[in-house]
Amino acid sequence: MDGDYVIGGVLSIHHYMHTVMHNYTTIAEPLRCTGSINTRELRFSRAMIFAIEEINNSTELLPGIKLGYHIYDACSSVPVVVHVAFQLLNGLDPVFYTGDNCSQSGMVMAVVAESESMSSISISRIIGPFNIPQVSYFAACACLSDKQQYPNFFRTIPSDQFRADALAKLVKHFGWTWIGAVRSDSDFGNSGMASFLDAARKEGICVEYSESFYRTHPRSRIQKVADVIRRSTAMVVVAFTSAADQRILLEELSLEPFPPRQWIGSEWVTDPDILRFSFCAGTIGFGIQKSVIPGLRDFLLDLSPSKVAASPVLTEFWEDAFNCRLGKSAAVDKRLCDGTEDIKMLQSPYTDTSQLRITNLVYKAVYAIAHAIHKAVCQQTNSTTQCDKFTRIESKEVLTQLKKVNFSRNGYDVSFDANGDPVARYDLVNWQKSESGSIKLVTVGQYDASLPVGQTFQINRNLTWVDGGTQVPVSVCTNSCPPGTRKVLQQGKPICCYDCILCPEGEISNATDSPDCFPCPKEFWPNVKRDTCLPKPVEFLSYNEVLGIILAAFSVGGACLVIITVAVFYRHRTSPIVRANNSELSFLLLFSLTLCFLCSLTFIGEPSEWSCMLRHTAFGITFVLCMSCVLGKTIVVLMAFKATLPGSNVMKWFGPPQQRMTVMSFTLIQVLICTIWLGLSPPFPMKNLTIYKERIILECALGSAIGFWAVLGYIGLLAVFCFVLAVLARKLPDNFNEAKLITFSMLIFCAVWITFIPAYLSSPGKFTVAVEIFAILASSFGLILCIFAPKCFIILFKPEKNTKKHLMNKD
């Protein structure tokens, strides 16, 4: 089969390259692949041949033109790759080839190469200056998207930048914030892991360790990586490795038991050779979409003895697969193949077409090159039915046309963006244990970068996890901080390692892993857990609490006591002791004391606009009325004594009309003060939020503090004046000197109100009101007990002293 145009192929059909030692320097001399056959890569090479033969038999693509191929074995070795690249440029015969009659003529128009990024980079740097396009089917390093360095590079596998972003989203989706990372020490592994770590950092994911290794490293290096994984606390391990490297690591880990780990993988998760590691059950990762290539399986199984014998690679594969030798093979230790070998019964990655993933990428790479050649050749002939096979084109034209390729094959789109990358589409695969205990690969979701943000990642089937569990494993450095706490980073550790600190007083956090607490609004306070703000309880001196009930009881009791006293006085109003003590002022004083006791009730209950104005003005006016009456009685006592002196007519100046006028005048002054206070800046209800942080105190604001202290000051002025007069009259000669009783009452009154001032200023919340009520009640009780209790006692229990003779001290 001679081709008019040649497509080169570079695949790692063997695992390793044979080397010999010369003067302590390792060199490849000669280049011979002596490792085992990589049956999967062999399938890739056969798929390439299948695609070329399919194109050659097509009437739509390259009609009248036949493609040839040169396929080289890279032996998984960069030195061999470099050697092969120069062979491609020089048009030399392939060192390793597959197929029947590979084309010996024609310049290579494009190259399908290679599975590893490091090898692909080497090829691209060599053939790039000659404008020979390279289409890789498995080199996913994001570095190869740099068109400045690799202008001739294309690929049918998405860039690992997309896989790295998808893996970061996957890890974040399951709440894993503490992971381990291992990578191949190659351009693929280093670049892919760098992209993943950058994406993971943006998702708030922390990495406990990041280790690199390569399959050619000493075993001690592999052991070190394995020991790091065994000792780690991270439950999840993200492995950005090639299948060959991952296989070596898992073999090392399988030598010793270790705590189970949840593996998150790159492309190696779809490699059937690695499915044998059962301790990795539950592994998840993104693999190339599973596909179907009609006719490929029949082509792979169509291996006649003549075809096998014509290809050294197929011969080696056949002998390894059936453990026999063909004809003049060098494998003299094996039996001779007897013709009973049936490849259809062979269980091998070569014959397994149930999970065609990378194979389809090889298939699409060949078709992409064919479409580019078709546009470069057939468009020049302006014919749709036949292309001129004698048209000579340069590889540069194929390179130009590759950038414009856009077609579909077997339902799969093929196109390249400006970086030579295809649209990123992955299958989310999961290693699940079958009933027999073996591991099977199950597609559980998809990732499509072409979809809008938020729809790119979908999971449509249940997953199994490490050790076949059904519960999502937990992998965090620190357990999530519950609401009511905030995260505080641990010094010297990643941001995922933190302590959970209870929110400060007055602040809450209502989300898990909150970095900060925020204060509640002014009228709200945190609950016990500090995860929500509740309305602050409102507090005021209420009739429903013990203190309010006690004070109200004393208030009513005091008023009742006054009423009883009024009744006693009224019943004995004609008795000498009542008449001798200015009964009119006595009844007016008892009336004012009743109001004093009752006005304390206005201080109890929820403050309102009217109650705030009433309580202070009622208190001020009633007490001034009370003090005015006491002052009047004191003046009457003094005037009465003066009237007993010879030639004195002083009583005519302080008779009943003058007494009423005095009381009225003093009271009107207080009324005027209260009116000005209410008119300019009256008391008003307010919510006090400063005394207690956790509750609201409802109280009456004074409005004008000057008005309040003016009211109290005026009462105090009258009390002091009355006290001074009472002291002056206390030793007047009289058997029943009322001035002494007034002196004691004023002494108690002044003592109460002097101590009231500091107590009032220092008492918090509702206790301020309680102190004020207590002062009112104490001073009121002091007045009634000191002034009226002795008189009632005489009236009720000592009637013999309730005589004019006794009062005049003439008995």
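Asp513 lies in the loop between strand E22 (507-508) and strand E23 (518-519), where helices (H or I, at least four residues) and strands (E, at least two) are DSSP runs numbered from the N terminus. The model is predicted, so local features need pLDDT of at least 70 and side-chain atom pairs count only at pLDDT 80 or more, whereas totals for chains, interfaces and linings use all residues. Residues are numbered from 1 along each chain as its sequence is written, and side-chain values use heavy atoms, with hydrogens and water left out.

Phi of Asp513 is near 60 degrees, which is a positive value in a residue other than glycine. Its relative accessible area is 24%, so Asp513 is partly exposed; buried means under 20% relative accessible area, exposed over 50%, and partly exposed in between (1.4 Å probe, protein chains only). A positive phi of about 60 degrees is also found at Asn131, again not a glycine. Asn131 belongs to the loop between H3 and strand E6 (134-136), and with a relative accessible area of 29% this residue is partly exposed. The backbone also contains a cis peptide bond, from Ala113 to Glu114, with omega near -5 degrees. Glu114 is located in the loop between strand E5 (108-112) and helix H3 (117-127). Most residues other than glycine have a negative phi, and most peptide bonds are trans.

A search of the whole structure gives nine disulfides, a disulfide being a pair of cysteine sulfur atoms within 2.5 Å. One of them is formed by Cys206 and Cys496, whose sulfur atoms are 2.1 Å apart. This link is right-handed, with 85 degrees about the S-S bond. Cys206 is in strand E9 (residues 206-213) and Cys496 in the loop between strand E20 (485-489) and strand E21 (498-502), so the pair ties together parts that are 290 residues apart in sequence. Cys206 and Cys496 are both buried.

Cys324 and Cys337 form a disulfide with their sulfur atoms 1.9 Å apart. The torsion about the S-S bond of Cys324 and Cys337 is about 85 degrees, so this disulfide is right-handed. Cys324 is part of strand E13 (residues 324-325), and Cys337 lies in the loop between strand E14 (335-336) and helix H11 (358-381), so the parts tied together are 13 residues apart in sequence. Both Cys324 and Cys337 are buried.

Cys481 is joined to Cys500 by a disulfide, at 2.0 Å from S to S. The link of Cys481 and Cys500 is left-handed, with -90 degrees about the S-S bond. Cys481 lies in the loop between strand E19 (457-459) and E20, and Cys500 in strand E21, so the pair ties together parts that are 19 residues apart in sequence. Cys481 is buried, with a relative accessible area of 0%, whereas Cys500 counts as partly exposed at 33% relative accessibility. Cys722 is in no disulfide, and the nearest cysteine sulfur, that of Cys750, is 8.5 Å away. With a relative accessible area of 0%, Cys722 is buried.

The count of aromatic pairs comes to 27. Rings of Phe, Tyr and Trp (its six-membered ring) pair if their centres lie within 6.5 Å; planes under 30 degrees apart count as stacked, over 60 as edge-to-face and the rest as tilted. Phe317 and Tyr350 form a tilted pair, at 4.8 Å centre to centre and with 50 degrees between the planes. This pair links distant parts of the chain, with Phe317 in helix H10 (residues 312-322) and Tyr350 in the loop between E14 and H11, 33 residues apart. Phe317 and Tyr350 are both buried.

The ring centres of Trp318 and Phe322 are 4.8 Å apart and their planes are at 50 degrees, so this pair is tilted. Trp318 and Phe322 are four residues apart in helix H10, and therefore separated by about one helical turn. Trp318 and Phe322 are buried. One aromatic cluster is made up of Phe50, Phe299, Tyr363 and Tyr367.

Charged side chains also sit over rings, a placement that requires NZ of Lys or CZ of Arg within 6 Å of the ring centre and within 35 degrees of the ring normal. Arg695 lies over the face of Tyr692, at 3.6 Å from the ring centre. The charged end of Lys791 is placed over the ring of Phe788, 5.6 Å from its centre.
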